[in-house]
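Please look over the sequence and the model below before reading on. The notes that follow are meant for someone meeting this structure for the first time.

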Amino acid sequence: MTDTAVATRIAQNARIERRPFASLGHADHGWLDARHHFSFANYYDPDRMSWGAIRVWNDDTIAPNSGFPPHPHRDMEIITYVRSGAITHKDSMGNTGRTAAGDVQVMSAGSGVRHAEYNLESEPTTLFQIWIEPTRTGGSPSWGAKPFPKGERSGRFVTLASGFADDGDALPIRAEARVLAATVKAGEQISHEVGAGRHAYLVPATGAVEIDGERYEARDGIALTGGQTVTITALADAELVLVDSL
């Protein structure tokens with residue numbers, strides 16, 4: 001490899017940070033087995049406090065007939081991406097809803113809200129819970145959920161939640177961010193442009209992918225700096241979740 005090629009590879013790697021699943025924070029509460037991509041609760045890593053406006057990305061497995069009792073939130077956009085099973089939501093606004101695998105729910109905590117989330121199913125529920133810091137604080141809280149069939153995101157990213165008015169089919173959030181997902185078959189490629197000054201965080205929910213010759217396994221975190229276009233090659237059938245934020 002020439003000196004130029006080596007320098008190019010180093011520059012590429014500096015813009016893509018691997019966060020292996022085994023390196024994530026871990027808390028096993030019996031009913032909840034949680035992995036933390038960023039500092040959360042008793043897990044603290046000064047190098048993993050946030051990524052842009054992305055503050056939390058938890059990889060949770062919730063045992064049957066258990067869950068999170070009522071608790072408060074404020075000034076945070078909370079997106080729940082259900083990977084298997086289902087989660088049942090109830091909040092102080094009077095909302096109740098069951099969000100199943102493939103579906104997404106969003107709660108804008110605003111000036112304050114209390115909610116509970118339970119797995120009322122007979123099987124474990126697995127999900128990603130993602131917190132994004134809002135562009136503006138305060139305001140009335142809100143909640144919503146929507147199905148996003150995996151077949152409709154085959155080979156392309158579909159926007160699930162967005163703070164941009166042009167993304168009319170997405171669930172609204174109060175942040176200059178998008179939550180996207182795609183399903184990619186082995187051997188297929190998909191690209192995403194990360195704008196200058198923005199931050200993207202990619203997690204393969206299933207499968208394995210390659211970026212710039214590096215392999216990433218299911219549930220690894222991939223932090224992407226702005227000002228680049230990444231091409232993702234599926235090494236096995238993969239389900240991808242990506243957040244692009246300031």
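What follows is a short briefing on confidence, salt bridges, backbone angles, and the cavity and pocket.

The model is predicted, and the pLDDT of the protein chain averages 94, with 95% of the residues scoring at least 70.

**Confidence**

- Although the chain average is a pLDDT of 94, the value stays under 50 over residues 1-12.
- For that stretch, residues 1-12, the model has five contacts beyond four places in sequence.

**Salt bridges**

- Side chains of opposite charge can pair when their charged atoms come close.
- R178 is partly exposed, its relative accessible area being 27%.
- Another salt bridge brings together the side chains of D244 and R198, at 2.6 Å from N to O. D244 is part of strand 20 (residues 228-245) and R198 is in the loop between strand 16 (189-194) and strand 17 (199-211), so this pair ties together parts of the chain that are 46 residues apart in sequence. Both D244 and R198 are buried.
- R74 and D75 also meet through their side chains in a salt bridge, with an N to O distance of 3.5 Å. In this pair R74 is exposed, at a relative accessible area of 54%, whereas D75 counts as partly exposed at 22% relative accessibility.
- Salt bridges also link D59, R83 and R219 in a network.

**Positive phi angles**

- D75, which takes part in the salt bridge with R74, has a phi near 50°, a positive value in a residue other than glycine. D75 is placed in the loop between strand 5 (66-73) and strand 6.
- R219, a member of the network with D59 and R83, has a phi near 75°, which is likewise a positive value in a residue other than glycine. R219 is found in the loop between strand 18 (214-217) and strand 19 (221-225), and at 24% relative accessibility R219 counts as partly exposed.

**The largest cavity**

- The volume of the largest cavity is about 30 Å³, and the residues that line this cavity are I78, T80, H89, Q105, V106, M107, H115, E117 and W143.
- Strand 6 (77-84), strand 9 (103-108) and strand 10 (113-119) are the elements that give two or more residues to this lining. Strand 9 provides the largest share, with three residues.
- By class, the residues lining the largest cavity divide into four nonpolar, four polar and one charged.

**The largest pocket and F40**

- The lining comprises eight nonpolar, nine polar and two charged residues.
- F40 belongs to the loop between strand 3 (32-36) and strand 4 (54-62) and is partly exposed, with a relative accessible area of 23%.
- When its neighbours within four places in sequence are left aside, F40 is in contact with V56, N58 and W131.
- The C-alpha atom of F40 is separated by 20 Å from that of G112, a residue that lies 72 residues apart from F40 along the chain.

Notes: Residues are numbered from 1 along each chain as its sequence is written. This is a predicted model: local features need pLDDT of at least 70, side-chain atom pairs count only at pLDDT 80 or more; totals for chains, interfaces and linings use all residues. Side-chain values use heavy atoms; hydrogens and water are left out. A salt bridge is a side-chain nitrogen of Lys or Arg within 4 Å of a carboxyl oxygen of Asp or Glu. Buried means under 20% relative accessible area, exposed over 50%, partly exposed in between (1.4 Å probe, protein chains only). Helices (H or I, at least four residues) and strands (E, at least two) are DSSP runs, numbered from the N terminus. On a 1 Å grid over the protein atoms alone, a cavity is a set of points where a 1.4 Å probe fits but cannot get out, and a pocket is an open set with protein on both sides within 12 Å along at least five of seven lines; lining residues have an atom within 4 Å of a point. Grid points are joined across faces, edges and corners, and a volume is the space filled by probe spheres set on the points. Ala, Val, Leu, Ile, Met, Phe, Trp, Tyr, Cys and Pro count as nonpolar, Asp, Glu, Lys and Arg as charged, and the others, Gly among them, as polar. Contact means heavy atoms within 4.5 Å. pLDDT is the predictor's confidence in each residue, from 0 to 100.
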